[in-house]
Amino acid sequence: MQKIAAAFVSALILVNSCFAQSMVDSLLKELRKPVDDTNKVIVYRMLTGIVKNTEPVKAVEYGKAGVAIGKKLKWEKGVAGCYLNIAAAYNDALKLDSAILYIDSAITWSHKAGDPNRLALAYLNRADFNMQLRNLKKTLLDCDTALLYAEKADNNDRRARILQTIGSVYYLQEKYQESKDYYNRATALYKQAGNLKMAAIAINNIGNIYKHTGEYQLAISHFKTSIHLADSLQDLVNMSMYYGNLSDVYTENRQFEFAEQAATLSLKYASEQDNQLRIAMAYTNFGQLYLEQKRYDLAIKAADNSFKLSKQESDIETQYNAASILADAYAGSGNHQQAYDYVLISKQLNDSLLKMKYDEDIAALQTNFKVEEKNKQILLLNSVKELQHQQLLEQRVLLFSSAAIALLLLAAIALMVNRYRLNQHLKEMKIRNQIAADLHDEVGSSLSSIHMLSQMAATKPTSDISQQKILARMSVHAKETMDKMGDIVWMIKPGENEAINLKQRMEHYAYEICSSQNIDATIDLDEIEKWKLSMDKRKNIYLVFKEAVNNAVKYSGSQNLRVNASSNSKQLQLVVEDFGHGFNTGNIARGNGLDNMQNRAKDMNGSLDISSSGKGTIIKLVVPV
């Protein structure tokens, strides 16, 4: 199978060499254009594909340049194509670990491009790399994936190549029946796709299976079919290989005449192509054929030609085959010394082959190890990226949460400000309503009295004494109205010295009303100055005080009045005490304003206590401050 693959690759190289240099020259001219566009990416991809067999390092440089431009242009398909050819270049440079790394990148970008045809090719290439590493399980997995994308692309040629690779995997495992099945399926698809050249190669592979299993007639039939197809296509490169395989099977089947004819044609086509390795192999066919016929001189001559040419081409396997034939031929001719010499040579070559196989296996293991290590590194990098992604996501969530909380706080603040404004508005409305009620109750009744007295004085004939009484009453009512108006204005007037104003007003009121009735007043309100009271508390304290003093002056009959204010850290206490005849607190008349005093105390969340006896009355107001 390795011979078959090598022959096919060499055929492609030979065909490409006919126009490769001229193509490279024309493509390099395209690179001189200053614009980095998709055409330049295509040029780099093509250059990578053309020179990868002869200058793999240069090919990698071209491919990476194409990748850079493709990424800049965000052209996924172009990037994927360049990565595919870079991987192939590394494969030609026998750097399979790098080849797999770049084919993985090609697969990633092919997925981004959404191109099933390119995906099928990328997975097929990775399958080929894994097969070279003898990682057959991964090879089959990649082939299965490649086949899925080939089905999506409806590409028979892709399907056929994938099936042929699967057939080669089974051949390496010596599962010949499975291998034949896949080769047959590949052949049918190649024919449907019109690719008869590849169909001939697949048929040749089936012939090798039949030769290996001893089914010589079937092998001969398949080799002849491959020859017929190659002849119709003028595929002269592969003709030497097909005739060489046919010669081998004829020799094993002891059809020596046909074997010699086939070997002669194999040599002819190899010579026409100047393919020294194929010429050496053709001489090996002759050597084996003549050895089987015991024509030792001819066998020695043919095998010696093969040995020399293969040595020039550094093909150890062909050298080994030629040396083995020479050892047997010299032994048959009676030249035991030469036979012994070639036995030693063949043994050394066999050891070299075993060592090469061992080195290949070790290299495959090392490459697999490198690939696994790189995969681990990639997984680690992906883990780090995922962790960074998670951290970034958490930061975003935290940021959005903080922003949401901030918005909620702003909304709450706005709501609180709005509620505060609404409360202030309600307070203003309450104050207005209270002012209106006070004006109606306090001032309105006094003005009505003044109005009625003035009408009486103007319309009714009265004596001078009656006129004087009416005018005196009018004067009293006017004075009361002025006082009440003054109280109302003071109670709603804002300012920083409300407590001081409250003390002064209370003192003024108490001294004025007590002096009018010859009552001795003792007043100590200094504690009130310590507190900054709200308008409502200032108003209610003043009105409770005023009502208490007024009741004491009017109804107690006391000649002394004592007013005292005290406080602690939580409460302000106001005490109004007279030394009159007292009254029964259980029979309080509702007209004296004591109910209003209780209500005002409740409005301040305070308490009002009234105690009275025959020795006087004490009214105690306690207000939280």
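This is a predicted model: local features need pLDDT of at least 70, side-chain atom pairs count only at pLDDT 80 or more; totals for chains, interfaces and linings use all residues.
Visitor: What caps the N-terminal end of α17, and how do you know?

Guide: That's Asp315: one of its side-chain oxygens lies 3.2 Å from the backbone nitrogen of Glu317.

Visitor: How does the reach of α17 compare with what's expected?

Guide: Helix α17 runs over residues 316-333, so 18 residues, and its first and last C-alphas are 25 Å apart. At 1.5 Å a residue you'd expect 26 Å, and the helix comes close to that.

Visitor: Why is Thr318 called buried?

Guide: Buried means under 20% relative accessible area. Thr318 has 3% relative accessibility, so it counts as buried.

Visitor: Which residues does Thr318 touch?

Guide: Setting aside neighbours within four places in sequence, Thr318 is in contact with Leu277, Ala280, Met281, Thr284, Ser306 and Ser310. Thr318 sits in α17, where the buried residues also include Ala322, Ile325, Leu326 and Ala329.

Visitor: Which residues have the most contacts inside the largest nonpolar core?

Guide: Tyr83, Ile162 and Leu246, in a core of 106 residues. Take Leu246: not counting residues up to four places away, it touches Ile220, Phe223, Lys224, Ile227 and Ala262. There's also a second, separate core of 36 residues, with Ile513, Ile528, Ala548 and Leu561 among them.

Visitor: What makes β1 and β4 edge strands?

Guide: The open sheet has 5 strands in the order β1-β2-β3-β5-β4, with mixed pairing. β1 (520-524) and β4 (607-613) each pair on one side only, and that makes them the edges. On average, neighbouring strands of this sheet are turned by 10° against each other, direction ignored.

Visitor: How do you know that β3 and β5 pair?

Guide: Two strands pair if there are at least two bridges between them. Strand β3 (residues 571-578) and strand β5 (residues 616-624) are joined by 7 bridges, so they qualify, and they run antiparallel. For one of these, Val576 has Ile619 in β5 as its bridge partner.

Visitor: Which helices pack on the sheet?

Guide: Helix α21 (residues 535-556) touches β2, β3, β4 and β5, and its direction makes about 15° with that of β3. Helix α22 (residues 594-603) touches β4 and β5, and its direction makes about 145° with that of β4.

Definitions and conventions:
Residues are numbered from 1 along each chain as its sequence is written. Side-chain values use heavy atoms; hydrogens and water are left out. A nonpolar core is a set of buried Ala, Val, Leu, Ile, Met, Phe, Trp, Tyr and Cys residues joined through side-chain atoms within 4.5 Å. Buried means under 20% relative accessible area, exposed over 50%, partly exposed in between (1.4 Å probe, protein chains only). Contact means heavy atoms within 4.5 Å. Helices (H or I, at least four residues) and strands (E, at least two) are DSSP runs, numbered from the N terminus. The expected span of a helix is 1.5 Å times one less than its number of residues. A polar contact is a pair of N or O atoms within 3.5 Å; within protein, one must be able to donate a hydrogen and the other to accept it, and residues adjacent in sequence count only if both atoms are side-chain atoms. Axes are lines fitted to C-alpha atoms, for helices over the stretch in contact, and angles run from 0 to 180 degrees between N-to-C directions.
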